[in-house]
Amino acid sequence: MTEDFIHYLWQFQQFDATDLRTETGDSVQVISPGKAHQDAGPDFQQARIRISTLEWVGTVEIHTRSSDWFRHTHETDAAYENVILHVVWVHDAPVYRTDGTDMGTVPK
């Protein structure tokens, strides 16, 4: 699986979202996947996501593995503070923002 392919799946919502959940079991509803962003920073801007009962507006980051978050040093980059959802193929590590707060991760 490649990051580009996961990016495509997310952009065009080409997956079964009927029971989409974070790694902790919270329900996820994609209201809008956001706009693809090609420059530095998170992959999608202005996404609207409902996680459990809260609706979030922000950015979405795509990785093949959740540990890529650290490999790309996003945990120290303020550009990633507004990530509301981390979409990954394999969830192999918990992910945190620069302030140490957990963010929702949706594995395949």
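**Exercise 1. Sort the lining of the largest pocket by class.**

Solution. The lining of the largest pocket divides into ten nonpolar, no polar and four charged residues. Here Ala, Val, Leu, Ile, Met, Phe, Trp, Tyr, Cys and Pro count as nonpolar, Asp, Glu, Lys and Arg as charged, and the others, Gly among them, as polar.

Before going on, please note that this is a predicted model, where local features need pLDDT of at least 70, side-chain atom pairs count only at pLDDT 80 or more, and totals for chains, interfaces and linings use all residues. Residues are numbered from 1 along each chain as its sequence is written, and side-chain values use heavy atoms, with hydrogens and water left out.

Next, the volume: the largest pocket has about 250 Å³. A pocket is an open set of points on a 1 Å grid over the protein atoms alone, where a 1.4 Å probe fits, with protein on both sides within 12 Å along at least five of seven lines; lining residues have an atom within 4 Å of a point.

Finally, of the 14 lining residues, Phe15, Leu20, Val87, Pro107 and Lys108 are the closest to the centre of this pocket. At least two residues of the lining come from each of H1 and S5; helices (H or I, at least four residues) and strands (E, at least two) are DSSP runs, numbered from the N terminus.

**Exercise 2. How much space lies in the second largest pocket, and which classes line it?**

Solution. Start with the volume, which is about 170 Å³. The lining includes Trp56, Arg97 and Gly104. Its classes are four nonpolar, three polar and four charged residues.

**Exercise 3. Describe the aromatic pairs.**

Solution. The structure holds four aromatic pairs. In one of them, phenylalanine 5 and tyrosine 8 are stacked, 6.2 Å centre to centre with 15° between the planes. Rings of Phe, Tyr and Trp (its six-membered ring) pair if their centres lie within 6.5 Å; planes under 30 degrees apart count as stacked, over 60 as edge-to-face and the rest as tilted.

Why are phenylalanine 5 and tyrosine 8 separated by about one helical turn? Because they are three residues apart in helix H1 (residues 3-11). Tyrosine 8 is partly exposed at 41% relative accessibility (buried means under 20% relative accessible area, exposed over 50%, partly exposed in between, with a 1.4 Å probe and protein chains only).

Now take tryptophan 69 and tyrosine 80, an edge-to-face pair at 5.7 Å centre to centre and 80° between the planes. This pair links distant parts of the chain, with tryptophan 69 in helix H2 (residues 68-71) and tyrosine 80 in the loop between H2 and strand S5 (83-90). Both tryptophan 69 and tyrosine 80 are buried.

Note on methods: Points joined across faces, edges and corners; volume = space filled by probe spheres on them.
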